[in-house]
Amino acid sequence: MKYLFSILIPTWNNLSFLRLCVESILKNSKYPHQLIIHVNQGADGTLQWVKEQRFDYTYSEENIGVCNALNASYKKALSEYILYINDDMYVCPGWDEALYNEILTQPDEKFYLSSTAIEPVDVGKKVAIAPYSYGITPSDFDEERLLAEFQDFHFDNWCGSSWPPAVVHRKMWDIVGGYSIEFSPGFYSDPDFSMKLWQHDVRRFKGISGSRVYHFFESSTKRLKNRNSKKGNHLFLKKWGISARAFYSYYLRMGEPYHQLTEPKNDSRFLWKKFLCKLKRFWIIFNK
């Protein structure tokens, strides 16, 4: 069978969410896709379930984090297009068709496309449809109401694609070397992946409004301590000389109506932000 996307799904003892995610892909996709699940630990029955369903999978006895999990599962990918999705997401009908229709308009492989998430909590993201709650766990998920309403929210295509569900051409995945394992378990690995693409002249970071998913909102990352997030934030700044927030704002223009991106303008505001980032980088290095 020829697959459209190779879908990489890292999971960590999150079987109820994983099952719902997979069921939604099988039920609500227009095209056939290869599912590759990386099972971290799998102590809750995940490993047995994945084997029973005969999905492609990789496995680690311990939680090796998102970066290693994605790189491991990618080795089994057969498709031209690589899509990463979190296990706490439910894809809505038409999600893959909207992404593929956009891919067909691209002049080359230098693109990074994301679906648009509907989320139960508004945390200030400009790129999510929120707050619209259809449940916070699979047990209280109101699937029927979501399917009746998910198309009702007006939302434009947006700049700044940097989060899953996201799809790239495998050529670009290979060029940037996948996800950077120094960011394990995964905090700030998404902007790092986007920055690596930016360094290889990718400028079309596009969020697709017509491709919609319901995001139960970080059910796995909540189990990790805040210090991992802070560490990833500092690592990004040390590696790239700019904060992830500044990268999202000045490079990816996250949340703006979609337009092809260009290098940031060296105006006073951007130069001041770069200066502040430089000071903070020095402070982090010398106070390690």
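Modeller: Two strands pair if DSSP finds at least two bridges between them. This is a predicted model.

Biologist: How many bridges join strand S2 to strand S3?

Modeller: S2 covers residues 34-40 and S3 covers residues 56-60, and the two run parallel. The number of bridges that join S2 to S3 is 5.

Biologist: What is the handedness of the β-α-β unit that S2 and S3 make with helix H2?

Modeller: Helix H2 takes up residues 46-53 and belongs to one unit with S2 and S3. A crossover is called right-handed if, with the strands pointing away from the viewer, the path from the first strand over the helix to the second runs clockwise. The unit of S2, H2 and S3 is right-handed.

Biologist: Are helices H1 and H2 roughly parallel or roughly antiparallel to each other?

Modeller: The axes of H1 (residues 15-28) and H2 come within 10 Å and cross at roughly 25 degrees. Angles under 35 degrees count as roughly parallel. H1 and H2 are therefore roughly parallel.

Biologist: Which residues of H2 make the contact with H1?

Modeller: H1 passes H2 in a right-handed crossing. From H1, the contact takes in Leu15, Leu18, Arg19 and Val22. By class, the contact of H1 with H2 has 5 nonpolar, 1 polar and 1 charged residues. The H2 side consists of Thr46, Trp49 and Val50.

Biologist: Why are H9 and H10 described as roughly antiparallel to each other?

Modeller: H9 (residues 244-251) and H10 (residues 268-286) have their axes 11 Å apart. An angle over 145 degrees counts as roughly antiparallel. H9 and H10 are therefore roughly antiparallel, as they pack at an angle of about 165 degrees.

Biologist: How many charged residues are in the contact of H9 with H10?

Modeller: H9 passes H10 in a left-handed crossing. Ala246, Tyr250 and Tyr251 of H9 meet Arg269, Phe270, Lys273 and Cys277 of H10. The contact has 5 nonpolar residues and no polar ones, and the charged residues number 2.

Biologist: At what angle do the axes of H7 and H9 cross?

Modeller: H7 spans residues 189-199, and its axis comes within 10 Å of that of H9. The two helices are oblique to each other, and their crossing is left-handed. On the H7 side the contact is made by Asp190, Pro191, Ser194, Met195 and Trp198, and on the H9 side by Ala244, Phe247, Tyr248 and Tyr251. The angle is roughly 45 degrees.

Biologist: What is the phi of Asn13?

Modeller: Most residues other than glycine have a negative phi. Asn13 lies in the loop between strand S1 (5-12) and H1. Although Asn13 is not a glycine, its phi is positive, at about 45 degrees.

Key. Residues are numbered from 1 along each chain as its sequence is written. This is a predicted model: local features need pLDDT of at least 70, side-chain atom pairs count only at pLDDT 80 or more; totals for chains, interfaces and linings use all residues. Side-chain values use heavy atoms; hydrogens and water are left out. Helices (H or I, at least four residues) and strands (E, at least two) are DSSP runs, numbered from the N terminus. Axes are lines fitted to C-alpha atoms, for helices over the stretch in contact, and angles run from 0 to 180 degrees between N-to-C directions. Angles under 35 degrees count as roughly parallel, over 145 as roughly antiparallel, 65 to 115 as roughly perpendicular and the rest as oblique. A crossing is left-handed if the near helix is turned anticlockwise from the far one by less than a right angle, and right-handed if clockwise. Contact means heavy atoms within 4.5 Å. Ala, Val, Leu, Ile, Met, Phe, Trp, Tyr, Cys and Pro count as nonpolar, Asp, Glu, Lys and Arg as charged, and the others, Gly among them, as polar.
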